[in-house]
Amino acid sequence: MKAAVIVFPGSNCDHDMYYVLKHVMGIDTQFLWHKDTAIGEIDAVFLPGGFSFGDYLRTGSIARFSPIMDEVIKFADGGGLVFGVCNGFQVLCEAGLLPGVLRKNRNLDFICRQVTVRVENTATRFSSACTQGQILQMPVAHGEGNYYAEPDTIRKLEENRQVVFRYATVEGEITDRANINGSVNNIAGICNDRGNVLGMMPHPERAAEFQLGSADGKFIFDSIVNKIAEFV
Amino acid sequence: MPLYNAQVFIQLKDGILDPQGKAVEHALASLKFTGMSDVRIGKMIELQVESPNETQAAGNVEQACEKLLANPIIETYEFKLSQLNEAGA
Amino acid sequence: MPLYNAQVFIQLKDGILDPQGKAVEHALASLKFTGMSDVRIGKMIELQVESPNETQAAGNVEQACEKLLANPIIETYEFKLSQLNEAGA
Amino acid sequence: MQEPAITSELVLEHGLSDEEYEKICSILGRTPSFTELGIFSVMWSEHCSYKNSILQLKTLPREGEHLLAEAGEENAGLVDIGDGLAVAFKIESHNHPSAVEPYQGAATGVGGILRDIFTMGARPIAALNSLRFGSLDDAHVRFLFRGVVKGIGDYGNCFGVPTVGGEVYFDDSYSGNPLVNAMAVGVVKHDQVARAQAKLDGATVMIIGASTGRDGIHGATFASEDLSKESEERRSNVQVGDPFTEKLLLEATLEMIKVGCIHGIQDMGAAGITCSTSEMAGASGTGMEIDLNKVPLREEGMTPYEIMLSESQERMLLVAEPGREADVVAICAKWDLNAEEVGFVTTKHDKLIVRKDGRIFAEIPAETLVLGGGAPQYVREAVQPAYIEEVQAEKFDSLPIPENLNGTLLKLMATPNITSKSWVFHQYDHSVRTNTIVAPGADAAVVRIKGSKKALATSTDCNGRYVYLNPRRGTSIAVAESARNVVCSGGKPVGVTNCLNFGNPYKPEIYWQFKEAIAGMGEACRVFNTPVTGGNVSFYNENPKGAVYPTPTIGMLGVLEDVEHATTAWFKNDSDIIVLLGENKEEITGSEYLASIHGQISGDCPSLDLEKEKAVQDACLEAIQNGLVNSAHDIADGGFAVALAECCIMNKNKPIGARVS
């Protein structure tokens, strides 16, 4: 399996994603610069967290026009696996690869803390190693993670089971208290209708080693590796 | 080439929750500003546009809003143009 | 009591660095929007003001800008008032 | 362009005394030009020259076998931690700008300290901040506090450095003049260390990063006057930070150092181009000629005076390796940054020569401008303030014991100075870079170093009340407490950086507090073998009512030989044994209990036996290193009862009880 982590000016979790893929998961990983115009022999493209272009104007609104994004869109249309975390999720929405938008957090402040998400659909290339309803602990660190989409988009996402992760209590209930940033239906992560593009606000790469407090994020990376193995 | 000043106003679509507006409304009340309500926060982007004529200038600004400046899912935009100098000045 | 609609425009003072404006200007250029320059990002705050008359409404909005809406150290403000309904409507 | 003539008012307005002005004239052999007057005023300001503090600072222990850079020689302290790695760390203040514009003041404070770290080639891996405000009941204090926290968060989060620790204190003494001290820690391989040098004759001098505007002119001198009404009017444009450009500057700088196209580099902090050019040339005993026409400007019509004194953020001055200028431009272009050749280094003379439109506006021997060179150094008169005897005489040993002890403890736990600050640090990204082993809210933060078994522990500490009541012992306690925090987290204290926040040094009582504090710091640092690697002095922290508490904030760096030694403070298992190391004395003078329950800030500060403290710390560290310890917590504000309560409730998922006799 070969993976690529895209670096936009302002990305600051690119090294973190690279470290987990290469040193924790042992995947052959390389960086791609936002001005590159070819992805090459890659099985999975990762859009890391950070403040691409300073998050100016709107989070991800400028990164979405970087030359590499045309290639990412072609790669996704061709069925390639694309995974966006935090700022990466915001860029995927602005680029139209995922529906909806990430707005300012409900409490208007930046939030960095451990949260729990519930696995809603294990039949995806990003959650196949999880069990239905499984609780995963991992950190969030964002100022704009409040997911919104028009009502009929939300209905379609729910009907097609494209909502893959939801903010939940430690006991696994979906409550408003567990809803860290005000997202519609506690949505923390969604995939596209084809299931090959996923965006999520929580950071699995910051919870892939017990030393950092939780290794639950590894279930997601395991899912990706297993699914690629099936395809390749 | 004539130079135009464009003022682009970007606002949340009606019906979309505006927590920032609500927070400001709350703060105004606590500072004893009575009678102030329905506070909504939006963006104002000002820029200068060099263009052969006003229609083309407007077309350019429209394009910029559609492509970059506004997010159609939750925002609406409108803009005003004013000429800054005479042609070729 | 008559109801007024206030539009408050808040901008950075001249000379104050506007990193956001710079980034948007750069993005517009890379999207081939030629001739667009001097991009400045500001805020537009819309609110409704209940007040006996326009002068008092203006006074209230002025106070709100000085005290809360604008940061006098790095921002300037201006506002427009328009009456929404007849007195007591 | 006609520069204003030099008048005595102009000299005074530039904060220069008559003797200082005479010294300038004798150095130049003539009266200075307006631009030269501006340059001297900023370089000889308290902020840049340390003129009223350097002679005291020199009494501090500054050597240590692990130190790779003498204190003050480089932009930040540099400590060797083995495995071919060195750690750069420093703390700096941005108090006055934050009192005027809290958000930008705090943000640019973080930006400045981060640049001090990566200008040495080190990648910042942890940031801390030590904040002090007036009482939260005051609306203006709440405005300042919210702005400062948001400014620190927005800058650090966007830049991508985890904010992992620090402290927040609220006391009326700080109202009107908040203290905003920002600390940063970075790691660098020995062969990647960059120096602020300009030794090569003919080497090209370049400015990289943001364009220059009229930001913060008088910024440096601004911090050297009382924050009074007149300084309000003279406030020019506030400095605005751009963390996005700073992140690009970081990546470009590290990339240039890696490919070896940089001979010397220095960040532009206070006094911008003036300070970086004169310090680099002055330190290397060379001259430097620059042409202001080549400086990328953001505003029209800027005068040489304004360009030389501008404090626009996110800029660096570098001297390229001969022939590698194109590499510098290429790397900066990749990161969309300016990279302009503005002049050259010369060994033919030792002057800083500034030209614009072909005319010389400044020609000054560089060395005469800098600390350790020609900048003045003073010892001021020190007089023990009258209040010292009065407060230290009060014993409070007949105070009634409150009947409702539980109620008192709960009240103490709820005071702003003791209660959990999670509502603050939850606004800071503390897990970016996936190195954070012990997150904020603990005694010290612990961050791992990828590729090495070692880890770093850092903490900032100072109890301003103790230092007010007894400057010498209060400061020793600050060092002891910072070391204790590091030890409780499993680290061995190796070095200190300090941020000395005091009042007006020209007042003998204030200077007495300063001298005593430095003496106390030296004593403690010698016992703990933690040399002072550098830091910052911020005088004139006064407001119309009087000086703030003397607050010598200590930033302590500790090294964990093995990241597995990382220890947290909360109790872990049922029936674990609780051990008290050291003696619990019945001292309440100067305590939080006395202040918040009895409304008294008086009595001498608690006693301290430095040798005993070292023994307690060594015992605790050895026990941790031998795996005997599940948790360790230092007893500080609020004393024994609060420390115990904290150990029980700190872990929100698993609160646990305790019984002590």
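Biologist: How much area do chain A and chain D bury between them?
Modeller: The model is predicted, so that local features need pLDDT of at least 70 and side-chain atom pairs count only at pLDDT 80 or more, while totals for chains, interfaces and linings use all residues. Side-chain values use heavy atoms, without hydrogens and water; residues are numbered from 1 along each chain as its sequence is written, and chains are lettered from A and ligands numbered from 1 in the order in which they are written. Buried area is the accessible area (1.4 Å probe) that two parts lose on being put together, summed over both. Carbon and sulfur atoms carry 55% of the area between chain A and chain D, and the total is about 2400 Å².

Biologist: Which residues of chain A lose the most area to chain D?
Modeller: Contact (heavy atoms within 4.5 Å) joins 26 residues of chain A to 30 residues of chain D. Together 24% of what the chain A side buries falls on Phe110(A), Cys112(A) and Gln211(A).

Biologist: With which residue does Lys35(A) form a salt bridge?
Modeller: A salt bridge requires a side-chain nitrogen of Lys or Arg within 4 Å of a carboxyl oxygen of Asp or Glu. The rule finds three across the interface of chain A and chain D. For Lys35(A), the closest N and O atoms are 3.6 Å apart, and the partner is Asp336(D).

Biologist: How many salt bridges are counted between chain C and chain B?
Modeller: Here 32 residues of chain C are in contact with 31 residues of chain B. The two chains bury about 2700 Å² between them, 64% of it on carbon and sulfur atoms. The salt bridge count between chain C and chain B is zero.

Biologist: What is the bridge partner of Gln48(B) in β2(C)?
Modeller: Strands are DSSP runs (E, at least two residues), numbered from the N terminus, and two strands pair if DSSP finds at least two bridges between them. Strand β2 of chain B (residues 36–50) and β2(C) pair in the antiparallel sense over eleven bridges. Within β2(C), the bridge partner of Gln48(B) is Ser37(C).

Terms used. Helices (H or I, at least four residues) and strands (E, at least two) are DSSP runs, numbered from the N terminus.
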